[in-house]
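I set out to record, entry by entry, what I looked up in this structure. The sequence and the model come first, and my notes follow.

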Amino acid sequence: STPETPVVQTDSPVSLPAREQAADYKISPQDLLDITVFQEKEMDRAVRVELGGKVNLPLVGSVEVAGLTVPQAEERLQGLLKEFLVRPQVNVSIKEYHQRKVILMGEVQKPGTYDIPPDKGLTVLEAISMAGGFTKVAAPDKTRVIRSTDGRVQSINVPVNEITAGQRSIDVILQPDDVVYVPQTFF
C-alpha cells in the first residue's frame with residue numbers, strides 16, 4: 001500500500017475567536033434546538049433534529065436544517081413561515097449538542113473516548129494532549145486517523161514531528177467517530 005498524504009486544512013476552526021466558532025457551527029442530527037417565533041407562542045418548541053437532518057414544525061412541516069448554521073436555519077424557517085405570517089421573526093438556539101466523540105487507541109497515556117468540543121474543532125495533537133500525551137514506546141510519526149465515510153474506511157497518516165516542529169496547518173481536524181491510533185515503536 002502506498003503512504004497517503006496528510007489531510008491539509010489551513011482554515012482550522014481552532015484559530016477562530018469563540019464567537020465566530022459558535023456562528024460557524026453546523027447543526028447536526030440529534031442536536032436539540034430551541035425554536036421561538038416572536039409573538040407566536042404556540043409556535044415555540046424544543047425539537048430534536050432527526051437522523052435524516054430534519055425537524056417537524058407547525059405550518060411548515062418537515063424542514064431540512066442539518067448542515068446549516070444557526071443564522072441559516074433561522075433564515076430558512078423565516079422564509080417558509082412568510083407564507084403564513086407577516087414578517088416572522090424566528091430565533092433558533094442549540095439547547096443540547098449531539099455527542100461528538102473520537103477514540104484514541106494505542107500508545108497514549110489514557111486511551112479512550114473523548115468529546116469534540118461542540119463549539120470548535122479538535123485536532124489530532126489536541127486529542128493526544130487530552131489523552132495525556134504519548135507513552136515512552138510510542139511512534140508519534142506513525143500516528144494514523146482511521147475515518148469511515150459512507151462505508152469507506154480511510155487511513156490518514158499524521159506527520160506529528162512536522163506538526164510539532166511548527167507546521168500546525170497540517171494537523172488533521174478530527175470528525176465525529178474518528179479513531180486516532182498511535183502504534184508502538186520497534187527498536
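**Entry 1: a pair of strands**

I began with strand E8 (residues 144-149) and strand E9 (residues 152-157), which pair in the antiparallel sense over 6 bridges. For Ser148, I found the bridge partner in E9 to be Val153. I then examined the link between the two strands: E8 and E9 form a hairpin with 2 residues between them. In the turn, Asp150 has a positive phi of about 50°.

**Entry 2: confidence**

I next asked what pLDDT the chain averages. The average is 82, and 86% of the residues score at least 70. Over residues 1-21, however, I noted a pLDDT below 50. Beyond near neighbours in sequence, this stretch has 28 contacts in the model. Where pLDDT is low, the predicted coordinates should not be read in detail. I therefore leave the particulars of such a stretch aside.

**Entry 3: an open sheet**

I traced an open sheet of 3 strands and wrote down its order as E2-E1-E5, with antiparallel pairing. Why is one side of strand E2 (45-48) and of strand E5 (90-96) left without a neighbour in the sheet? Both stand at the edges, each with a single partner strand, so one side of each has no neighbour there. From one strand to the next, I recorded an average twist of 30°.

I then followed the pairing of strand E1 (residues 32-37) with E5, which is antiparallel and extends over 6 bridges. Within E5, Val90 stands opposite Val37. I also noted helix H2 (residues 70-81), which lies across E1 and E5. H2 runs at about 135° to E5.

**Entry 4: nonpolar cores**

I looked up the largest nonpolar core and found that it has 22 residues. Those with the most contacts inside this core are Leu104, Val124, Val145 and Leu174. At least two residues each are supplied by strand E6 (101-106), helix H3 (124-130), helix H4 (160-164) and strand E10 (179-182). Which of these elements gives the most to the core? H3 does, with 4 residues.

Not counting residues up to four places away in sequence, Leu174 touches Val102, Ile116, Leu122, Thr123, Val124, Ala127, Val145, Arg147 and Val180.

Technical notes:
Residues are numbered from 1 along each chain as its sequence is written. This is a predicted model: local features need pLDDT of at least 70, side-chain atom pairs count only at pLDDT 80 or more; totals for chains, interfaces and linings use all residues. Side-chain values use heavy atoms; hydrogens and water are left out. A nonpolar core is a set of buried Ala, Val, Leu, Ile, Met, Phe, Trp, Tyr and Cys residues joined through side-chain atoms within 4.5 Å. Buried means under 20% relative accessible area, exposed over 50%, partly exposed in between (1.4 Å probe, protein chains only). Contact means heavy atoms within 4.5 Å. pLDDT is the predictor's confidence in each residue, from 0 to 100. Two strands pair if DSSP finds at least two bridges between them. Axes are lines fitted to C-alpha atoms, for helices over the stretch in contact, and angles run from 0 to 180 degrees between N-to-C directions.
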